[in-house]
Amino acid sequence: MKRSKAFILVEILTGMALQAVFILTLCTSFYLMLSFYTRTQQTLAARQKGKKVIAYVDARIRNVGLGLRECDNSSEVRDSLYPLSSALLENKNLTLPVAVTQDNWNYKAVDDSDKKFKGNRLTLLYTQRPSEGLNFTINTIESPDKSGKNIPITVSQNATEVGFVTGSSGKIDYNASDFSPYASKNSLNSYTVMVGAGKPLYIQTTPKDNGRFKLNLQTNTSSTPYVEVYPGDELLYLKCERFFVEGQNFKFKRFGTEDNGGIWAGEYSNEEGILEVYFELDTSQNILDMYVLASGGNNTSKNTQKPSAWPSEYWKSEYASYTIYMSRASWKLHNIPTGFDWN
C-alpha cells in the first residue's frame, strides 16, 4: 500500500501562522527601532537648540553689571542714563541691568515670598569690549599731584572734565567704533562705562585728532554724585537687548540709536523650534536661572509630558504634540555688588 506524502490542511495553516508571527515580530521590532531612533534624534536636536539659545544669552549675561559697581540700585542705573532711560525702558522702571517680565513688557512679575522676579521676557543691559584696534583707554589726566604723577579726575553732573584717549595702535579711529559720532543723549552708543569709574558716563564731545574729549555724569536726581576716572582705564560699550519667544522662534531686539531709525528697532530670529523660555531672577543672591523648552519635531502619539521643573503657567496643551527637551542654565551675577537693591 502506497503512503501519501501530501500535507494536511492543519499542517499548512500552522506553517503559515508561524511565518506570519515571525514577519509581524520582525516588522514590530523594526518599527520600534525606527521610532526609538527618530525620538532620540529629535531629542538630541531639541537639546542642541536649547544649548544654542543659552550660549547666545551666556555671552551677554557674563558681562552684565561690569562697570556699574558704584550703582547701589536699579534707580541709580536708570538715573545715570537719564534722559535716555525714558526711551530705553519705555517710561517703565525696569530693574536694570537685568529685568525679568511677562508677556506684557510693561508688567513686572514679582514674588515677594522668595524675592524673585519670574517671567518669560528678559532685558539685559550689558558691557561689551570694543574689537581689537578700537580699544580706547584713558592715557593722561591733566591733574598731576605734587610728585608729578597723574591722579584720578573727578567727573560729576555739573563739572565736565577733559582728558585724553588713545587707541591700541596709538591712533584715533573713533568713527570706526560703535560709539556714536553725534554725541546724542538719545543714543546708547553715546554712553560708556569704565571698570574704575563704576557708573555710565555720557560722552559729551567725541575725541578729536589730539584725543581730547569730554565726559559727563548724567542724573535725574537733585544730588551731586561723582565718579573718578583713572589713567589706563578702558572705554567700554553699553549694549541692551531683549529676549523672548514668538511663533516658536527665539528672538531678540537690540536697543537702537537715533541714527539707525528707531529706539527698539529691528527684531531678529536667533533659533527656530523654541516653544518657550522662562527666567527667574533671585534678587537675594543675584542669581539668574534660565529654562529653554525646545522642540525636535512632532510626536504623533501626542503624549509628551511636562518636565517636572517647567512651570505650569507656561505649559500649553499643544506642547504634547512635540518631542521636547528642557535645557537649563544658571548664572551668578558676580559684577552686581552685594546688597544691590533691585528697586
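At 38% relative accessibility, Glu 267 counts as partly exposed, the label for anything between buried (under 20% relative accessible area) and exposed (over 50%), with a 1.4 Å probe and protein chains only. Its side chain meets that of Lys 251 in a salt bridge, 3.1 Å from N to O; the term asks for a side-chain nitrogen of Lys or Arg within 4 Å of a carboxyl oxygen of Asp or Glu. Glu 267 sits in the loop between β13 (249-254) and β14, and Lys 251 lies in strand β13, 16 residues apart. Lys 251 is buried, with a relative accessible area of 16%.

All this comes from a predicted model, where local features need pLDDT of at least 70 and side-chain atom pairs count only at pLDDT 80 or more, while totals for chains, interfaces and linings use all residues. Numbering runs from 1 along each chain as its sequence is written, and side-chain values use heavy atoms, with hydrogens and water left out.

The structure holds eleven salt bridges. One of them joins Glu 241 to Arg 60, with the closest N and O atoms 3.2 Å apart. That pair spans 181 residues, from strand β12 (residues 237-246) to helix α1, and both partners are buried. Arg 254 joins Arg 60 and Glu 241 in a network of salt bridges. Glu 76 also pairs up, with Lys 199, at 3.3 Å between the closest N and O atoms. Here helix α2 (residues 74-80) is linked to the loop between β8 (191-192) and β9 (201-205), 123 residues apart. Glu 76 is partly exposed at 21%, whereas Lys 199 is buried at 9%.

On to the fold. The protein has three helices and 17 strands, taken as DSSP runs (H or I, at least four residues, for helices; E, at least two, for strands) and numbered from the N terminus. Five strands make an open, antiparallel sheet in the order β1-β4-β12-β13-β14. β1 (98-101) and β14 (268-272) are at the edges with a single partner strand each, so one side of each has no neighbour in the sheet. Pairing requires at least two DSSP bridges between strands; β1 has four to β4 (residues 121-128), and Val 98 stands opposite Leu 124 in β4.

Buried residues account for 45% of the 343 in the protein.
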